[in-house]
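Have the structure open while you read.

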Amino acid sequence: MVSPGLDLELSFSQAMQGFGLSQEVARLLWLPLPMLLVLVAAVVGVLVSVWLERKISAAVQQRVGPEYAGALGVLQPLADGLKLLVKEDIIPARADSILFTLGPILVVVPVIVSWLIIPFGQNLLISNVGVGIFLWISFSSVQPIGLLMSGYASNNKYSLLGGLRAAAQSISYEIPLALAVLAIVMMSNSLSTVDIVNQQTGAGILSWNIWRQPVGFLIFWICALAECERLPFDLPEAEEELVAGYQTEYAGMKFALFYLAGYINLVLSAVLVSVLYLGGWGFPIPVEWLAGWLHQPIDAPVVQVITGSVGIMMTILKAYLLVFVAILLRWTTPRVRIDQLLDLGWKFLLPLALVNLLVTAALKLAFPVAFGG
Amino acid sequence: MTIATSTELICFLVLSVVVVAGALGVVLLSNIVYSAFLLGGVFMAVAGLYLLLNASFVAAAQVMIYVGAINVLILFAIMLVNKREDLKAIANLTTRRIVSGGVCLGLLALLVRVVVTTPWSLPGPAAVGEEATARIGEHLFTDYLLPFELASVLLLMAMIGAIVLARRDVLAADVVTGEAADQGLIEKARTPLLLERRSS
């Protein structure tokens, strides 16, 4: 039995009604708040991961990294962002100016909208949509259109090739990704991210999906890295071959949008890996047990606030652990070739994901207790 | 009128305008790349209409299949064979346009008549909302099993056909005529992907 947990919306609505506002106006006032909060969280997450990227890459290469902007260089990403913000915005003379502007927007919007389904706790998400994880998959399939658009509009062969490569990569890795998610969905009998996490909360760390879906976890992680165009899969912007791929002609804020989309997508993928395989907001030992040992009622307001905070902390901790792994991978592995990339996607991951799905289905039929019958 | 219903109405109006204007753009614009991108916009707006109808699974599937797969495929096809060559002027272009416009207007009149005369408010089953996903799955594996399987066989056939067409170089004989395959046809002269845009 899952406790109802904190319901901030209800409390907010009641407080507003205390001021004499109608329920609908209270809801209207409430709606932008979580969206704003998640947007700020996503942007701060980007700043943190940019700083981590710079510091960890420096450590990997035995450098110091940024150190003058703020303590340990924590303000460096902010300085980067400010620089990109005030840089001149150039549209090449023979580029298609409408598509050139629309491209980066189409890349960044689906990624931000996908934060809609990220749960930080039982009720700590913007919207518990029933099709949750499926919504994320379909949104991430919109991104290639933005990449193709910006590659085409730049009127530059490197951009076009980079855009086509990005789209091809994104399409081919989406299929094993979706199949890996499908195996999880089969186990939790729901597409909603909240239900997927709740299904893993039974026995703390032991009930996390990673033990039941180790192959799915690896497939999902590889595909997520490929979707984010992180090394070893950053072919669309391979410097030695394509200058900077579809980003070649971009400068200033439009370039920053690609940059932002890349890092938001990285953090988003890391959070989703933790939601799907690492128990989401769950603490390694269930908080219900801890509260029981301390003889605290789980419904008490103080305990609720503490469990809520622990949930947010755990989500962020797990996500940044995965971001750390992704950054280490980026600075320690060489880039694959485009044919190796497509071979890996179509000839290895796709059959493996299908087998994983079949095995999960068989195990679900054979052991309905352990695999969510 | 409550806030919820007025929001719904505004969303419906905006989405309808996007669908109609976008669809007109797809047909009327001369630049095929714009048409393809607008088609994606129309698909997205249709997905929004599904959302308004409380069919979130269908909306997400619409985005994934039509925008993420079909539209991207169309864009790929356009960008890989984008030759920007001048097409030969077609004789009697104006007459052709008038005739096809007349046919389209006739179709529109027919559809409008259907919309006006059909009694839409049937006492059907209540909307299932979030349960729709499970319900769709149930239907696919019970009473719609045959069309479902037939569709998958059709897709398999299309896939095998595509592989045969794409891998002609490994086949010794032509698939259709049975003669020895002409390897010279496969190595075609390459044309540059992007030609200089004419200064206008």
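Between chain A and chain B there is one residue pair in polar contact, with both residues at pLDDT 80 or more. That score comes up because this is a predicted model. What about salt bridges between chain A and chain B: how many are there? The count is zero.

So what does the meeting place look like? The size of an interface is often given as the accessible area lost when the parts come together.

| What is counted between chain A and chain B | Value |
|---|---|
| Area buried | about 2700 Å² |
| Share of that area from carbon and sulfur atoms | 74% |
| Residues of chain A in contact with chain B | 30 residues |
| Residues of chain B in contact with chain A | 29 residues |

Which helix gives the most? That's helix 8 of chain A, with six residues. Sorted by class, the side of chain A that touches chain B has 21 nonpolar, five polar and four charged residues.

Now stay with helix 8 and look at its partner within chain A. Two packed helices are described by the angle between their axes and the distance between the axes. For helix 7 (residues 143-153) and helix 8 (residues 157-188) of chain A, the axes come within 7 Å and cross at roughly 170°. An angle over 145 degrees counts as roughly antiparallel, and helix 7 and helix 8 of chain A are therefore roughly antiparallel to each other. Helix 7 of chain A makes the contact with residues including Pro144(A), Leu147(A) and Tyr152(A), while helix 8 of chain A uses, among others, Leu160(A), Gly163(A) and Ala167(A). By class, this contact has eight nonpolar, four polar and no charged residues.

Methods: Residues numbered from 1 in each chain as written. Chains lettered and ligands numbered in written order. Predicted model: local features only at pLDDT ≥ 70, side-chain atom pairs only at ≥ 80, totals over all residues. Heavy atoms only, no water. Axes fitted to C-alpha atoms, helices over the stretch in contact; angles between N-to-C directions. Helix = DSSP H or I, 4+ residues; strand = E, 2+ residues; numbered from the N terminus. Parallel < 35°, antiparallel > 145°, perpendicular 65-115°, else oblique. Contact = heavy atoms within 4.5 Å. Nonpolar A, V, L, I, M, F, W, Y, C, P; charged D, E, K, R; others polar. Buried area = accessible area lost by both parts, 1.4 Å probe. Salt bridge = Lys/Arg side-chain N within 4 Å of Asp/Glu carboxyl O. Polar contact = N/O pair within 3.5 Å; in protein donor to acceptor, adjacent residues only side chain to side chain.
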